[in-house]
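Please find below a colleague's note on the structure under review. The sequence and coordinates are shown first.

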Amino acid sequence: IGFERVPMVEDVAQFSLRGGIFDVYSFGMTDPVRMEFWGDEVVDLRHFELSSQRSTRTVDLAIVLPTFNETGNIRAVIGQLDAALAGRGWEAIFVDDSSPDGTAAVVREIGRADRRVRVIERIGRRGLSSACIEGMMATSAPLIAVMDADLQHDPAVLRAMIERLEADPSLDIAIGSRFVAG
């Protein structure tokens, strides 16, 4: 597979992207191309079958997880989400404030194998509320939950919160608190 620098890639670079994965589609291509890059280096470039990347399941819930130095918790929180949300369509959007411990790299590695997991690595921007907003804006799921990635929030309560919201259409929001019963 050949690689040619095109203006669109140059335009994307101005937003301080250090690395990522792009799926490139074109009308003339028989198969799309997945390009993985780091800085100006193309790390991997390969064709893939489009049908293998499409899910028949819709995403019912997006879990936004702001992170900073959470490398040790990432696999555990994904495992807890997987167990708590079995049978539901969900995605985890980790919004990382450029953690020096490599949190974004760990999430990116998991996301290569599990399409429900993705990361937004924020370079030069920090803050919990703006990370939450950025994660919320990155999904089309009808329900959004915000959780800490430090394992202090129990993903098992998500199912009950979703069921309450689905049972009563007059409800717009459910808030979990360790200080309130029910």
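1. Basis of the model. This is a predicted model, in which local features need pLDDT of at least 70, side-chain atom pairs count only at pLDDT 80 or more, and totals for chains, interfaces and linings use all residues. Residues are numbered from 1 along each chain as its sequence is written, and side-chain values use heavy atoms, with hydrogens and water left out.

2. Confidence. The average pLDDT (the predictor's confidence in each residue, from 0 to 100) of the protein chain is 80, and 68% of the residues score at least 70. Over residues 1-17 the pLDDT stays under 50. For that stretch the model has 14 contacts (heavy atoms within 4.5 Å) beyond four places in sequence.

3. Secondary structure. Six helices and seven strands are assigned in the protein chain; these are DSSP runs numbered from the N terminus, with helices being H or I of at least four residues and strands E of at least two. Along the sequence their order is α-β-β-β-α-β-α-β-α-β-α-β-α. Of the contacts between residues at least 6 apart in sequence, 63% join residues at least 24 apart.

4. Of the 182 residues in the protein chain, 34% are buried (under 20% relative accessible area, with exposed over 50% and partly exposed in between, for a 1.4 Å probe and protein chains only).

5. Beyond its neighbours within four places in sequence, L85 contacts L61, I63, W90, L158, R159 and I162.

6. Packing of α3 and α4. The two axes come within 10 Å and cross at roughly 40° (axes are lines fitted to C-alpha atoms, for helices over the stretch in contact, and angles run from 0 to 180 degrees between N-to-C directions). α3 is therefore oblique to α4, given that angles under 35 degrees count as roughly parallel, over 145 as roughly antiparallel, 65 to 115 as roughly perpendicular and the rest as oblique. In this pairing, I74, R75 and I78 of α3 meet T103, V106, V107, E109 and I110 of α4. By class, the contact comprises five nonpolar, one polar and two charged residues (Ala, Val, Leu, Ile, Met, Phe, Trp, Tyr, Cys and Pro count as nonpolar, Asp, Glu, Lys and Arg as charged, and the others, Gly among them, as polar).

7. Positive phi values. N69, in the loop between β4 and α3, has a phi near 55°, a positive value in a residue other than glycine. L151, in the loop between β7 (143-146) and α6, is not a glycine either and has a positive phi of about 70°. Both are partly exposed: N69 has a relative accessible area of 35%, and L151 one of 34%.

8. The segment after α6. I175 lies in this segment and counts as exposed because its relative accessibility is 71%. I175 and M161 are 14 residues apart in sequence, with 8.1 Å between their C-alpha atoms.
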